Amino acid sequence: MTKFMLTIGLLDKDSKVQEIGTVHATKLITRIVTAKIGFGTILDATGVYTHADGTMVTEPSIRVEILDTEGTISKDKIV
């Protein structure tokens, strides 16, 4: 059994501003996960980190969890 966890941050890395709405991003990610894998769990999350310039940010994020109980999902489908 393999568990894949992807966290997608919603802030632009240069402007440090959210460029796409959370609801829209969730819909896009849901379509991609459904098309490529067929199932998964999608959660709202908050990331916390410090940029190279020292700016600390909290970032609205979306976490995708995929539990491959049968060992049939290749990493190529995930990335």
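**Strand pairing and salt bridges in the predicted model**

With a relative accessibility of 54%, Asp53 counts as exposed, because the cut-off for that class is over 50%. The structure described here is a predicted model. Asp53 takes part in a salt bridge with Lys16, in which the closest N and O atoms are 3.4 Å apart. This pair links distant parts of the chain: Asp53 is in the loop between strand 2 and strand 3, Lys16 is in the loop between strand 1 and helix 1 (22-36), and the two are 37 residues apart. Lys16 has a relative accessible area of 27% and is therefore partly exposed.

Strand 2 (residues 41-50) runs antiparallel to strand 3, and ten bridges are found between them. Within this pairing, Thr41 stands opposite Glu65 of strand 3. Strand 2 and strand 3 together form a hairpin, with five residues between the two strands. Gly54, in the turn of this hairpin, has a positive phi of about 95 degrees. Strand 3 (residues 56-68) also pairs with strand 1 (residues 2-9), again in the antiparallel sense, over eight bridges. Here Gly9 has Ser61 in strand 3 as its bridge partner.

Glu65 is a residue of strand 3. Its relative accessibility is 18%, so Glu65 counts as buried, the limit for this class being under 20%. Leaving aside residues up to four places away in sequence, Glu65 touches Lys3, Phe4, Met5, Gly40, Thr41 and Leu43. One of these contacts, Lys3, is also the salt-bridge partner of Glu65: the two side chains meet with an N to O distance of 3.8 Å. Because Glu65 lies in strand 3 and Lys3 in strand 1, the pair ties together parts of the chain that are 62 residues apart in sequence.

In total, the structure holds three salt bridges. Besides the pairs Glu65 and Lys3 and Asp53 and Lys16, a salt bridge is formed by Asp14 and Lys13, whose closest N and O atoms are 3.3 Å apart. Both Asp14 and Lys13 are exposed.

Terms used:
Residues are numbered from 1 along each chain as its sequence is written. This is a predicted model: local features need pLDDT of at least 70, side-chain atom pairs count only at pLDDT 80 or more; totals for chains, interfaces and linings use all residues. Side-chain values use heavy atoms; hydrogens and water are left out. Two strands pair if DSSP finds at least two bridges between them. Helices (H or I, at least four residues) and strands (E, at least two) are DSSP runs, numbered from the N terminus. Buried means under 20% relative accessible area, exposed over 50%, partly exposed in between (1.4 Å probe, protein chains only). Contact means heavy atoms within 4.5 Å. A salt bridge is a side-chain nitrogen of Lys or Arg within 4 Å of a carboxyl oxygen of Asp or Glu.
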